[in-house]
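I opened a new notebook page for this structure. Below are my entries, in the order I looked things up.

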Amino acid sequence: MTQNIAVIAANGKSGQLIVREAVGRGLDVTAVVRGENKTVARHAIIKDLFDLTAADLAGFDVVVDAFGAWTPETLPQHSTSLKHLADVLSGADARLIVVGGAGSLYVNPEHTVQLSQTDGFPEAFLPLATAMGLRVIAWGGLRSSRLLRRCRRSAAFAECFTEYTEFSY
């Protein structure tokens, strides 16, 4: 049985990579985009993330949240978008995978220090790393384009998501 995947913010940089790889592996992919679908996915839901409903995401095995916000005014949307998706998917069987940045990766075995808290982390990226770090506290997240590239080369794309996600409950 083919996995049915929705990729939210599929027109973005990470979203397009994920869609292309999943389609290339024969998965049934639906791009969730605000405007015209610019991905290779044959199916699309054209709707703003904040307007998505449970009915829109019903029937998907996996929902990949590739949402990104980069300006100081929009950084809080990392948390509000995830809360919205958690509410929409509450009670559903779909697995939610959140794409984030490397700054929120833990660098010690105790999971108490994130990369963004270490010496030498670029100050310009601290607000983004903080916003994304808050976003993945209660959910799993796939972080870093390096991991995406490694997943693209792995034999089992879906298993790669499992291998490279961190979950905190």
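**Entry 1: T30.** I started at T30, which lies in strand β2 (residues 28-33). Helices (H or I, at least four residues) and strands (E, at least two) are DSSP runs, numbered from the N terminus. I noted that this is a predicted model, where local features need pLDDT of at least 70, side-chain atom pairs count only at pLDDT 80 or more, and totals for chains, interfaces and linings use all residues. Residues are numbered from 1 along each chain as its sequence is written, and side-chain values use heavy atoms, with hydrogens and water left out.

Is T30 buried or exposed? I found 8% relative accessibility, so T30 counts as buried. The cut-offs: buried is under 20% relative accessible area, exposed is over 50%, and partly exposed is in between (1.4 Å probe, protein chains only). I then listed what T30 touches, not counting residues up to four places away in sequence: I5, A6, V7, H43, A44, I45 and F60. Contact here means heavy atoms within 4.5 Å.

Entry 2: I turned to strand β5 (residues 95-100). Five of its six residues are buried, so β5 is largely enclosed by the rest of the structure. Strand β4 (residues 62-65) runs parallel to β5, and four bridges join the two. Strands pair if DSSP finds at least two bridges between them. Opposite L96 in β5 I found V63.

**Entry 3: F50 and its partner.** I looked for F50 in the loop between β3 (43-46) and α2 (54-57). F50 has a relative accessible area of 31%, so I put it down as partly exposed. Leaving aside neighbours within four places in sequence, F50 is in contact with Q77, T80, S81 and H84. I also checked L82, 32 residues along the chain from F50: the two C-alpha atoms are separated by 9.6 Å.

How many aromatic pairs are there? I counted one. The rule: rings of Phe, Tyr and Trp (its six-membered ring) pair if their centres lie within 6.5 Å; planes under 30 degrees apart count as stacked, over 60 as edge-to-face and the rest as tilted. The pair is F50 with F67, edge-to-face, at 6.3 Å centre to centre and 85 degrees between the planes. F67 sits in the loop between β4 and α3, and F50 in the loop between β3 and α2, so the pair ties together parts that are 17 residues apart in sequence. F67 is at 12% relative accessibility and counts as buried.

**Entry 4: helix α1.** I checked the length of α1 (residues 13-24). At 1.5 Å a residue, its 12 residues should span 16 Å; the end C-alpha atoms are 17 Å apart, which agrees. The expected span is 1.5 Å times one less than the number of residues. In α1 I marked G15, I18, V19, E21 and A22 as buried. G26 follows α1 and has a positive phi, near 85 degrees.

**Entry 5: salt bridges.** I found three salt bridges. The test is a side-chain nitrogen of Lys or Arg within 4 Å of a carboxyl oxygen of Asp or Glu.

- R25 and E21 meet at 2.8 Å, N to O. R25 is partly exposed at 30%, whereas E21 is buried at 15%.
- K47 bridges to D56, with the closest N and O atoms 2.7 Å apart. K47 is partly exposed at 26%.
- K83 bridges to D87, with the closest N and O atoms 2.9 Å apart. Both lie in helix α3, four residues apart, about one turn of the helix. K83 is exposed at 53%, and D87 is partly exposed at 48%.

**Entry 6: positive phi.** Most residues other than glycine have a negative phi. I noted A9, with a positive phi near 65 degrees. A9 is in the loop between β1 (4-8) and α1, and is partly exposed at 25%. I noted H111 too, with a positive phi of about 55 degrees. H111 is in the loop between β5 and α4 (126-135), and is partly exposed at 46%.
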